[in-house]
Amino acid sequence: MRSEIKPIYWRNNAIYVLDQRLLPYKIKYLRLKTAREVAKAIKDMAIRGAPAIGIAGAMGLALTAYHSRAKTVEQLLAELKRSYETLRNTRPTAVNLFWALERVMKIAETRCSVDELRRLILDEALKIMEEDLEANRKIGFNGSKLIDDGDGILTHCNAGALATAGYGTALGIIRAAFEEGKKITVYACETRPRLQGAKLTAWELMRDGIPVKLITDNMAAFLMQRGLINKVIVGADRILAKTGHVINKIGTLSHAIAAKYYNIPFLVAAPTSTVDFKSTPDEVVIEERDEKEVLYIDGKKIAPRGVRALNPAFDITPPDLVSYIITEKGIYRPEELRELSLTT
Ligand code: MRU
């Protein structure tokens, strides 16, 4: 049995982040000691995936608290607010980052001594990480009920152990179904421009011995037409409780449209930390990344000199294309998500 994938952990007075930019060729951890270093790792996508960047953000605040020389709670709070601003200005779309930062900043309001506050903040960050792992196991358990023996499952981007505290959301369901003995084949979309499917999802599944075939993104609809795909499972960066819209890696919307056309269940797996109870679709900022990610592959230019490119990192799938949303609390239709606010 392979050891579990740990994308991020705390040891002594630093956090260690598995540098996902180097996978699948190299396994190397970055040692980060400041919130500024964590912010850079999030922005540069050494760590990525909605729940993982939330955990990294919380850990970034914990680093600030841990290394602070503040003599008063007021001084510590001022340092934390600076780190909070730096961390929240990294990636705008995944809501987990903001959720985790707010959660830690709420703890910082506790009335106690500076030393106690330092400890409380680190505890909260570690708790966010532990809870995510637990949530993923539950998502896996809940979602695997929807998977049948013999299913061909299409997935997009990487919603695996690397994108979370471990085990994964979409890949958590796939792992759980496989562990239950269901014979499944995963079709992993390569996910241009950054190739998270080819580099990360294929790596994770190969490591666990789960049958996987890599496809380019534009093959998905054809495989559906040929009857090879029985389910689509993706993760999410933000799910809007008010409307049921799902924001996830660019390309998700095309798969959802094709799945609807071919009557294939379209499943979204995410912890409740991904649910945004406030926003409407036009209020969500879709990250625009550097056009170089489209114009180059692994440092090699693939387009004529002077051509410009577009690079929106995420898209928005409307609720009528989504069959079920699988969370640690249960399985919901998109329009049922509002109920979650009563239990969260
Ligand atoms: O740009 P990325 O790689 O951070 O985007 C990741 C995704 O879109 C994932 O599908 C999403 O965060 C869910 S991860 C469990």
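Predicted model: local features only at pLDDT ≥ 70, side-chain atom pairs only at ≥ 80, totals over all residues.

**Stop 1: helix 2 and helix 5**

Select residues 50-67, which form helix 2, and residues 114-143, which form helix 5. The two axes come within 8 Å and cross at roughly 165°. Angles over 145 degrees count as roughly antiparallel, and helix 2 and helix 5 are therefore roughly antiparallel to each other. The crossing in which helix 2 passes helix 5 is left-handed.

Now show the side chains where the two helices meet. On the helix 2 side, pick Pro51, Ile55, Ala58, Met59, Leu61, Ala62, Ala65 and Tyr66. Their counterparts in helix 5 are Arg118, Ile121, Leu122, Ala125, Leu126, Ile128, Met129 and Asp132. Sorted by class, this contact between helix 2 and helix 5 has 14 nonpolar residues, 2 charged residues and no polar ones.

**Stop 2: helix 6**

Select residues 170-179, which make up helix 6. The buried ones are Ala170, Leu171, Gly172, Ile173, Ile174, Arg175, Ala176 and Ala177.

Then select Lys182 and Glu180, which form a salt bridge with their closest N and O atoms 3.4 Å apart. Lys182 has a relative accessible area of 18% and is buried, while Glu180, at 45% relative accessibility, counts as partly exposed.

**Stop 3: helix 9**

Select residues 252-261 for helix 9, and pick out His255 within it. His255 is buried, with a relative accessible area of 4%. Which residues does His255 contact, leaving aside its neighbours within four places in sequence? They are Leu154, His156, Cys189, Asp217, Ala220, Met224 and Phe266.

Ile257 is also in helix 9. With 47% relative accessibility, Ile257 counts as partly exposed.

**Stop 4**

How many salt bridges does the count come to? The count comes to 21 salt bridges.

Select Glu287 and Arg289, which form one with the closest N and O atoms 2.8 Å apart. Glu287 and Arg289 are buried.

Next, select Arg308 and Glu291, whose side chains meet in a salt bridge at 3.1 Å, N to O. Arg308 sits in the loop between strand 13 (300-301) and strand 14 (314-317), and Glu291 in the loop between strand 11 (275-276) and helix 10 (292-295), so the pair ties together parts that are 17 residues apart in sequence. Arg308 has 65% relative accessibility and counts as exposed.

Finish by selecting Arg91, Arg194, Glu287, Arg289 and Glu293 together. Salt bridges that share partners join Arg91, Arg194, Glu287, Arg289 and Glu293 into one network.

Technical notes. Residues numbered from 1 in each chain as written. Heavy atoms only, no water. Helix = DSSP H or I, 4+ residues; strand = E, 2+ residues; numbered from the N terminus. Buried < 20%, exposed > 50% of the residue type's maximum accessible area, 1.4 Å probe, protein only. Contact = heavy atoms within 4.5 Å. Axes fitted to C-alpha atoms, helices over the stretch in contact; angles between N-to-C directions. Parallel < 35°, antiparallel > 145°, perpendicular 65-115°, else oblique. Left-handed = near helix turned anticlockwise from the far one by under 90°. Nonpolar A, V, L, I, M, F, W, Y, C, P; charged D, E, K, R; others polar. Salt bridge = Lys/Arg side-chain N within 4 Å of Asp/Glu carboxyl O.
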